[in-house]
There are 4 protein chains.
Amino acid sequence: MENISVMGDPDKLREECGVFGIYDFAGGDVSSAVYYGLLALQHRGQESCGIAVSDTKGPKGKVLSAKEMGLVNESFTPEMLEKLKGDIGVGHVRYSTAGSSTRENAQPLVLNYVKGTLGLAHNGNLINAPELRHELEYTGAIFQTTIDSEVIAYHIARERLNTNTVEAAVGRAMQKIKGAYSLVIMSPRKLIGARDPFGFRPLCIGKREDAYVLASETCALDTIGAQYIRDVLPGEVVTISPEKGIESDTSHCISDKEHSRCVFEYIYFARPDSYIDGVSVYNSRILAGKFLAMDSPVEADLVVGVPESGNCAALGYSLQSGIPYGQAFVKNSYVGRTFIKPKQKNRETSVQVKLNALKEAVSGKRVIMIDDSIVRGTTSDRIVRMLREAGAKEVHMRVSSPPFLWPCYFGTDVPAREQLIAYNRSIEEICEVIGADSLAYLKEERLEEMVNGLGVCKGCFSGTYPLVPPTEDIRGDYDM
Amino acid sequence: MENISVMGDPDKLREECGVFGIYDFAGGDVSSAVYYGLLALQHRGQESCGIAVSDTKGPKGKVLSAKEMGLVNESFTPEMLEKLKGDIGVGHVRYSTAGSSTRENAQPLVLNYVKGTLGLAHNGNLINAPELRHELEYTGAIFQTTIDSEVIAYHIARERLNTNTVEAAVGRAMQKIKGAYSLVIMSPRKLIGARDPFGFRPLCIGKREDAYVLASETCALDTIGAQYIRDVLPGEVVTISPEKGIESDTSHCISDKEHSRCVFEYIYFARPDSYIDGVSVYNSRILAGKFLAMDSPVEADLVVGVPESGNCAALGYSLQSGIPYGQAFVKNSYVGRTFIKPKQKNRETSVQVKLNALKEAVSGKRVIMIDDSIVRGTTSDRIVRMLREAGAKEVHMRVSSPPFLWPCYFGTDVPAREQLIAYNRSIEEICEVIGADSLAYLKEERLEEMVNGLGVCKGCFSGTYPLVPPTEDIRGDYDM
Amino acid sequence: MENISVMGDPDKLREECGVFGIYDFAGGDVSSAVYYGLLALQHRGQESCGIAVSDTKGPKGKVLSAKEMGLVNESFTPEMLEKLKGDIGVGHVRYSTAGSSTRENAQPLVLNYVKGTLGLAHNGNLINAPELRHELEYTGAIFQTTIDSEVIAYHIARERLNTNTVEAAVGRAMQKIKGAYSLVIMSPRKLIGARDPFGFRPLCIGKREDAYVLASETCALDTIGAQYIRDVLPGEVVTISPEKGIESDTSHCISDKEHSRCVFEYIYFARPDSYIDGVSVYNSRILAGKFLAMDSPVEADLVVGVPESGNCAALGYSLQSGIPYGQAFVKNSYVGRTFIKPKQKNRETSVQVKLNALKEAVSGKRVIMIDDSIVRGTTSDRIVRMLREAGAKEVHMRVSSPPFLWPCYFGTDVPAREQLIAYNRSIEEICEVIGADSLAYLKEERLEEMVNGLGVCKGCFSGTYPLVPPTEDIRGDYDM
Amino acid sequence: MENISVMGDPDKLREECGVFGIYDFAGGDVSSAVYYGLLALQHRGQESCGIAVSDTKGPKGKVLSAKEMGLVNESFTPEMLEKLKGDIGVGHVRYSTAGSSTRENAQPLVLNYVKGTLGLAHNGNLINAPELRHELEYTGAIFQTTIDSEVIAYHIARERLNTNTVEAAVGRAMQKIKGAYSLVIMSPRKLIGARDPFGFRPLCIGKREDAYVLASETCALDTIGAQYIRDVLPGEVVTISPEKGIESDTSHCISDKEHSRCVFEYIYFARPDSYIDGVSVYNSRILAGKFLAMDSPVEADLVVGVPESGNCAALGYSLQSGIPYGQAFVKNSYVGRTFIKPKQKNRETSVQVKLNALKEAVSGKRVIMIDDSIVRGTTSDRIVRMLREAGAKEVHMRVSSPPFLWPCYFGTDVPAREQLIAYNRSIEEICEVIGADSLAYLKEERLEEMVNGLGVCKGCFSGTYPLVPPTEDIRGDYDM
């Protein structure tokens, strides 16, 4: 009997984190808003979660926090939320690439520094964190976690000695840190949001009555009933305070054409009901499906998505091609995260426990099956076989992203190259491995079109990155 | 702050139970097969679960069992399955109407009696359990649970004194017990399945190599890689043993036209990939959607299902009407079961935390929204409003079952009549309450057509039941 | 690394159970009184515990109960006690010999029968339970546990059909059941206590304001502030009701000289602050120490007890001999129940983790070390060595009970004969095994004197029992 | 129903912490030795515990750690110890005065700094921590906990930039930090122990085969089978490495007559089987009892200790006075830490649940009752009454420490002055409050005699401290 498998489809990419912040100028408690915001962002990280709050009316710099391993709904009790009293708060959900997966590394990071306290939540990955750590250590710094946030916090704390405001210190720190970061920072009297100049990761601003909100995705605004105001610009620092409302510092912004948003936010990570930099995630996926139908058509009787992430693109393909959209799989929604992994010798497989094909829907049909990506290909292989065993006459696979081959240094967990199915294989060879009748990927040149012309990062497809990546691989665990 | 809500959409009907049994003639351990079978049946009951196994090669009548409150994947560890050694086993998942929700009432019931031990798992509801209990008590019986299974067990134990085989005792017990029951029973050397003469609840037979399987639904056969053989007939007792394979006793069967399958198994309870008495659940739902499109057409731009249960019927409606099928909602799959309920005064609602409308998909559109049923109407109300706020121009609701008004005595948990939205209201009035532009239900006369002419129970729609219901309400808790 | 050792000094005998009952005629809630009563009886059983209550003012026969594996203080929360509303209640703590150690076997047993409900808690062991089970099964009974209480409950339920009162049914059941039993039974309007004619196990009566109390030991009365009234007589049935107060049925009593109290209740099981049948447990132990000093004197500098159970006898020895009493060991009170067992190869031993010798106290001294019993001798061996390593010049062991050699059929868990150190060994040989300079046991003829002339069972010392024991060993697990 | 009371006799002083370190030059895994060492030190802190280990043979500076809220035996599983692989390790148990009681503040502190990693465990309390924090913050430091250990760690990290060895950095840091500290520090290749110049808290050195051990008390050496070597001197830094064995730096030591050991280590905190700076804790307590008998004699029949901490002094009193020693109380060893607190209106009290008087022992007697200290007096009051209700004719209380009136700044948790029974009351008045017939305390001038002439701190008795205390009270929580 093997151990319990704690989730995570090994055949999917993984996002690092989701961040959330709120400041209620009317003085109301915000912990439950942070809680619901994090529930809405849970898809961005399922390993640990945390909430930190501060009461601007109480003693300066008193921060209460709770950080737990596990899902948001399993980590917080009503009693805990009740105790987390404060009108300003930040929250975080985490799945980690950099930094090992331990309780110590859970965020938000809460710290005392020269001007009181900070709560800091970070989504992204710095590429110069190791150098910065070494530099700091040579001036006497100590590190208690392995997360980049601690490096960022140190820089803010040091710059604060030479600046008049915390937001200025954040700005100066941004001159040192390189890479992907969307930050939500709570100081005793301000809520600050910052996004790296390339805009790798999303960050948006909302408002609910007297409260301002920062969140990784707009779906978190919807969940708490807040109105979307705008996105934080790539390179922008926004400072939220009762005195001045939203202040913006755009001095670190670069030209639009240098922007390098992670395109997988649109393809897979973000929730379809979110908008990122004004573009609907849902619509991007519909478009991706339409492009696939235009660029790689095939005769068939049915278009289906691999649940859940392939459904939108499948709808798009159906709309464009006129081939009916259908449902080919039933997903067991009760075993999403953990169950006992079948032993090798048994006939059940993990895929089978989670998915079953709908014979009635696919039997005798030529099926186009759409997924958002193929990573290692192990799941695709089994799903294709499942459709055939359910009676599908043909199975044509379409993938709503280009094949990827290169590591990501900006906050996405991509397996080692050797494990990628596209590594050293032609598309025909991949098709053979997964056993489909035909296979096509989204063309790389469709990506900007898919997101309405916004600048995106194509590093994982092309190996060409907006920032020179580090020579040694910094992605794995940087354990202490 | 209110308590954590352990839910249960209150606006859905609830099935009582799922049962599973397996006997491996080759002597292999079956506990993990029972585990995966129960995972596949988890949608039939989420309150408690249990596995009991027996080793036919070991000391006669040694039964090992584990019963827990909660979901299957949270209740069993690899170590527990390892310890549950045996080549014959039964399992159960439970949501209860009759019998209170306590650990004592978890199934399978395991008992010693004159001929050794029995493990017994039951799906359904007896209508004469109170009388039978009283009768038994007047001969010195003691009851330690409030579940009907204990009444059934007593009758089997007593009849066993006058019969030569346990299956004969089961047959004689069936002459006393009245109501809905699908039973899986494990004796020291036999696995027995029995289904009440009306066939209220499903039960099917499968085979995997040398092992025979009994399960509430065929999806459990698929999950463990077993082949479907046939359904247990309404009124049939099947006895599975290495000596004789499957033996059938059909002496309690009644004519097909008296059969009274619960039609909600097709409409809502069962998984769409299951077949019940030869009819595809998926297909029934597609048909229901088509009938709605034929009988209650409306001009619109988009057909959507209320996730998850309305999706199949929505596909059917789309296929029949030619109106494009789409996705209008995003469901938060991480908060399915438990999260902290929003306080009344907050703007978040439980529905909003779970669902969000896809503005991009519905904005400016006339939407047909399909759900499988409306119970109290509270959720429908909010979902209609959610679509309107997302920009839908019109919202037309179609329901893939007739309105129901009457209690169920046969294993479905229907709220008190006064709480049903259809009670004392015309369809126009219901439409007004939920705020839709139009509303239509599936016609009652479509039901047989929907399930390929099989006999179904229409008690909850008409108040006319296949068996005279008890005069007092036996459905609520019968606490000790 | 071995598994966590869930306590239990393997070198001690184990008592089975403690029982408690209370009926507040003034209608107050009793669950917290049962809770504190069980806390006081926790030393009598640490495997499982349970509370059942009933409200005599509510619907007849509504019993609420909670049974858990583990200690009383770890099992019940304020919320649980709050929910267990009722003015009559019974409780139980359990360590089991007969019946396996599972949640199903936890007590009190709660059952429905012809006249409503019963809650039943039992301390003791029947010697004819298997025959009675078989008899009952041949009339159609089913058994869901492996505990004797279920056999007793059946007999009461059956006799109730032929009697006018539940206490009369208890009396008739007592004519069938043979062995050791102290029972506390709660019917809808009465609290009943019964003790087997030999008086193997204790049971006493107390009163607190308008509430009557039944308990295994008087220390439970003290803890809840109740006054001791008297013990239930061996063979007596007492019935407590608001109408008649305490009623007594002594028709099953036998002559005093046939009484066979378990002498280990005085020697080891009971708390020293308890009185059993009028005799102080503390005083018995002091006397045992004095007898040892009279009968087996030795020159020495210090008398010490093996903590905790040897301390009273050591005080007695010191008082009689004039040799100063001292403390030779420090016990780690934080690791009493569970800790990770040291690996064989490591130098720590479980004994060392729990106990350390006080070098300062014993160095250079001739020490008399007193323990209540030696079972397997493994602990004595290590403790003697520990004293020598701490510098003791001589170690003389005195044991405040006779050597025992025979199984107990009446509620004490004695290991198999082959594992007993006294089996097939002379006292000199035992002394050599444990490495002491001299060894002496309490003389068997001192036992009655020790308990003020009361009749005691000497079965485990002599092999002669008050009741003919069963031919097959019924003591081990009777698993289903 | 009130909440569960999580331990801690409110009428006792509380020690802050226990520390442990081990380095096995033979390369064996040490995590289980740390575990057993912490079990032996559990009495020094029950709020949180932690273990950090490092493998000197593995990658430099890889430290594995686990920190949990709760007791050692409840926090670690065999699997956890198995994973904590390393030949050098430190451990900590904590009860806190400075620093709030949260998981973040659990120790050992593990950190990366310029020369790799450190694991640091601290017992004591700095008096200049706030100033040092502010100083550090003004050079850009960030603090993530509220414990003094972080301040110490920063100083070591900074001094390391200017020194060649970590032990030299520790020495230089000691010039900055003021107050009580016993430190165990693990660097990648060394184990370091340091003790403040006044020697407030104990720290000793032991050896087991090829492993050197540092521990707060010698009882931890005994538990793991290590030999005591010597104590770390007040002011000494010892460095343990395979190359040089034990190296000593005594450059920070001050003269013996300035030493200020916490005398409560001898009176109450330490285990009686421990030796501190060569003096037996047991013997100190025996002596304290003897002094009480000499200085405050009274005619009586029995001397008893309040369990457990008064027993040694009671033995001493008995030995000196010739009045027989006895046992007057039975302690419920199962409810030590947590149980549901009795409601005010009920007759049970928390004291009664934990303790019961032995009527048989005290009835009709004049009793001398000895306790180690009286803090608020609430427990003494009840225990005196308990003895009287059990029949004691007279109750004379003797206390084996002087009355204390002043706060402690050096690692002991003393309640606010107003809550101390001795505040503003004469001894006669205290005697009246607790209801005793007479009362006497140990004379302050006996303290040095009691510990064999060693220098002790008498700050809490006299208000005169070895170091000038801070002007503001730094003892309470310093929450972030």
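Me: Is C312(B) buried or exposed?

Reply: The general idea is to count neighbours: a residue is buried if 20 or more other C-beta atoms lie within 10 Å of its own. In this predicted model, C312(B) has 29 C-beta neighbours inside 10 Å and therefore counts as buried.

Me: In which helix is the place of C312(B)?

Reply: C312(B) belongs to helix 10 of chain B, which covers residues 311-321.

Me: How does one describe the packing of helix 4 and helix 5 of chain D?

Reply: One gives an angle and a distance between the axes. Helix 4 (residues 129-137) and helix 5 (residues 148-160) of chain D pack at about 50°, and their axes lie 10 Å apart. Helix 4 of chain D is therefore oblique to helix 5 of chain D. The crossing of these two helices of chain D is left-handed.

Me: Which residues meet where helix 4 of chain D touches helix 5 of chain D?

Reply: From helix 4 of chain D come A129(D), L132(D), R133(D) and L136(D); from helix 5 of chain D come D148(D), V151(D) and Y154(D). The residues of this contact divide into five nonpolar, no polar and two charged.

Me: How many residues of chain D are in contact with chain C?

Reply: An interface is read from both of its sides. Here 55 residues of chain D are in contact with 55 residues of chain C. Helix 1 of chain D gives the largest share of the chain D side, five residues. That side consists of 27 nonpolar, 19 polar and nine charged residues.

Me: What rotation superposes chain D on chain C?

Reply: A rotation of 180°, with 0.0 Å of shift along its axis, superposes chain D on chain C with an RMSD of 0.1 Å. The two copies are thus related as by a two-fold rotation axis. The same surface serves both copies, since 100% of the contact residues of chain D recur in chain C.

Me: How far apart are the closest C-alpha atoms of chain A and chain C?

Reply: They lie 14 Å apart, and no contact joins chain A and chain C. Chain B and chain D are likewise without a contact, their closest C-alpha atoms lying 14 Å apart.

Notes:
Residues numbered from 1 in each chain as written. Chains lettered and ligands numbered in written order. Predicted model: local features only at pLDDT ≥ 70, side-chain atom pairs only at ≥ 80, totals over all residues. Least-squares fit on C-alpha atoms with pLDDT ≥ 70 in both. Contact = placed C-beta atoms within 7 Å. Helix = DSSP H or I, 4+ residues; strand = E, 2+ residues; numbered from the N terminus. Buried ≥ 20, exposed ≤ 12 C-beta atoms within 10 Å, placed from the backbone. Nonpolar A, V, L, I, M, F, W, Y, C, P; charged D, E, K, R; others polar. Axes fitted to C-alpha atoms, helices over the stretch in contact; angles between N-to-C directions. Parallel < 35°, antiparallel > 145°, perpendicular 65-115°, else oblique. Left-handed = near helix turned anticlockwise from the far one by under 90°.
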